[in-house]
Amino acid sequence: MAAFARTLKSQVRYYSAPADMAIPASKQKFIPTSGTYPKGFSVSGTHVGVKTSNTKFPDLALISSETPCSAAAVFTTNKFQAAPVQVSRDIIQSRQGQGIRSVVINTGSANAVTGKGGLEDATSMGKKVDELNGLNEPSTLVMSTGVIGQRLPISKILAKIPTAHSNLSSTHDAWLTTARAILTTDTFPKLLSRTFSLPSSPGRTYSLAGMTKGAGMIHPNMATLLGILCTDAPIEASALQSLLKHSVSRSFNCVSIDGDTSTNDTVTILANGAAGGAPISSSSSNDYAAMQDILTSFMQSLSQLVVRDGEGATKFVTVRVQNSPDYESAKLIASTIARSPLVKTALYGRDANWGRILCAIGYTQGVKDGTVVPERTSVSFQPVDGSPILKLLVNGEPEQVDEQRASAILQNEDLEIVVDLGGGGEGQQGLGGEEAVYWFCDFSHEYVTINGDYRT
């Protein structure tokens, strides 16, 4: 009976989203109570009921600028690309990233693998927003997320877009409601904002805000993940695309929950220039370099919220691969560790089984020759409480691990794994090299439960 009771207890959904959409107490700390949002943008979250089981929660999000924006986007590499991905890509390409005004997003249905009808539905969503903005040209990007292979209840959505448009607001509550409206199996809305300045205008304040969703089917490139960023900084479209691509490569493309890549992944940024100042147009300018650092740091923080909300996750894990001869090899190794089911289940079980980490390092494909040399490879746990690092393997030799201390470290929600490859390339052994960082979570019983009945 005791064993049966333990089995039942293991099936209780401690980490998944409650049916009433209440935010778990452990996730409350990630919800901003205020924010500073970019000038000229307004947002809304509206209930449609795309899924018939949703009777009251917002599932239609609208983000709009008072003036035309430069826009850039990065999309999924999955070959089965959803209709909104195809439509939004065509709009950005045809307009060369200029003159975009809005983004409209529905949850509950991914509008993926839905044929010509799905393309028509995605187009009609954007067109309806454009009409309300008084525009004749396609100026609205479209996103969808939810179950694959089902047509949208498009009449219901189109009927509610005017409500979403009339409710547009620039308040913190409106931004938070909009961030809630893009969630699926997420347990909390993921919203961040910050202010910054640029070298050319040190006395001028700019704002950057972003929201994202994702909790499962997460792995580059990219994931079941939507991200929308807005800024009132003046950035020309050509510069914006390269800024976004660089930042995504070191943020949203450095997170993993379960190793699956979806059909709908999109991260987009809109820049309306409403705060004034000289436009960022060249990658050689000081403003461009500063904006790259600002955007990358911001997007890393935003993407990490996705990992912290991984389906069934109990741990937030950072893996840092150091002293690699090149960044690409370090990132491949970090990615391989992050998606290893054996590493992830060991961390869930609080088992310091460093052999699984070592195996993942050793079978990583595509790394530069000479990157992984057993005799100079070291693996350690870095506690988050500031206590000394726990060495597991040093230069290919196993350490006498204090299992009690290792277990204590693994009790924490946050953990960092450090892999030192011991060299910076030919002729530079021991002198250091490139570093890549990845963020991932563990695998729990809960993950299987959530995804075992996702459609039911």
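Predicted model: local features only at pLDDT ≥ 70, side-chain atom pairs only at ≥ 80, totals over all residues.
In what order do the seven strands of the open sheet with mixed pairing lie? The order is β8-β15-β10-β14-β11-β12-β13, where two strands count as paired if DSSP finds at least two bridges between them. At the edges stand β8 (255–256) and β13 (397–398), each of which pairs on one side only.

Residues are numbered from 1 along each chain as its sequence is written, and side-chain values use heavy atoms, with hydrogens and water left out.

Taken as a whole, the protein holds 12 helices and 15 strands. Of its 456 residues, 54% are buried; buried means under 20% relative accessible area, exposed means over 50%, and partly exposed lies in between (1.4 Å probe, protein chains only). The accessible surface comes to about 19000 Å², and 50% of it belongs to carbon and sulfur atoms; such areas come from the Shrake-Rupley method with a 1.4 Å probe, and for residues only the protein chains shown count as cover. Among contacts (heavy atoms within 4.5 Å) between residues at least 6 apart in sequence, 80% join residues at least 24 apart.

Strands of a sheet pair through backbone hydrogen bonds, either parallel or antiparallel. Strand β11 (residues 378–382) is antiparallel to β12 (residues 390–394), with three bridges between them, and F381 stands opposite L390 in β12. With β14, strand β11 also pairs in the antiparallel sense, over five bridges, and here F381 stands opposite I417. Four of the five residues of β11 are buried, so this strand is largely enclosed by the rest of the structure.

Helix α9 (residues 341–348) lies across β8, β10 (316–324), β14 (414–420) and β15 (434–441), and runs at about 60 degrees to β15; axes are lines fitted to C-alpha atoms, for helices over the stretch in contact, and angles run from 0 to 180 degrees between N-to-C directions. Helix α11 (residues 403–410) packs on the sheet as well, touching β11, β12 and β14, with its direction at about 115 degrees to that of β12. Within α11 sits A406, which counts as buried because its relative accessibility is 1%. Leaving aside neighbours within four places in sequence, A406 is in contact with A352, L390 and V401. The C-alpha atoms of A406 and F381 are separated by 8.2 Å, although these residues are 25 apart along the chain.

Side chains of opposite charge can pair when their charged atoms come close. With a salt bridge taken as a side-chain nitrogen of Lys or Arg within 4 Å of a carboxyl oxygen of Asp or Glu, the count comes to 10. One of them joins K27 and D309, whose closest N and O atoms are 3.2 Å apart. This pair links distant parts of the chain, 282 residues apart: K27 is in the loop between α1 (2–10) and β1 (41–46), and D309 is in the loop between α7 (286–308) and β10. Both K27 and D309 are buried. The side chains of K190 and D186 form another salt bridge, at 2.8 Å from N to O, and both of these residues are buried too. K27, D186, K190 and D309 are linked in a network of salt bridges.

A further salt bridge brings together E137 and R95 (3.7 Å, N to O). E137 is in the loop between α3 and β4 (140–147) and R95 is in the loop between α2 (83–94) and β3, so that distant parts of the chain, 42 residues apart, are linked. E137 is exposed because its relative accessible area is 51%, whereas R95, at 23%, is partly exposed.Finally, the surface carries a nonpolar patch of about 300 Å², made by F80, V113 and I148. Patches are made of residues with over 30% relative accessible area and no salt bridge, with like charges joined within 9 Å and nonpolar side chains (Val, Leu, Ile, Met, Phe, Trp, Tyr) within 5 Å. V113 lies in the loop between β3 (100–109) and α3 (115–132), and its relative accessible area of 53% makes V113 exposed.

Notes: Helix = DSSP H or I, 4+ residues; strand = E, 2+ residues; numbered from the N terminus.
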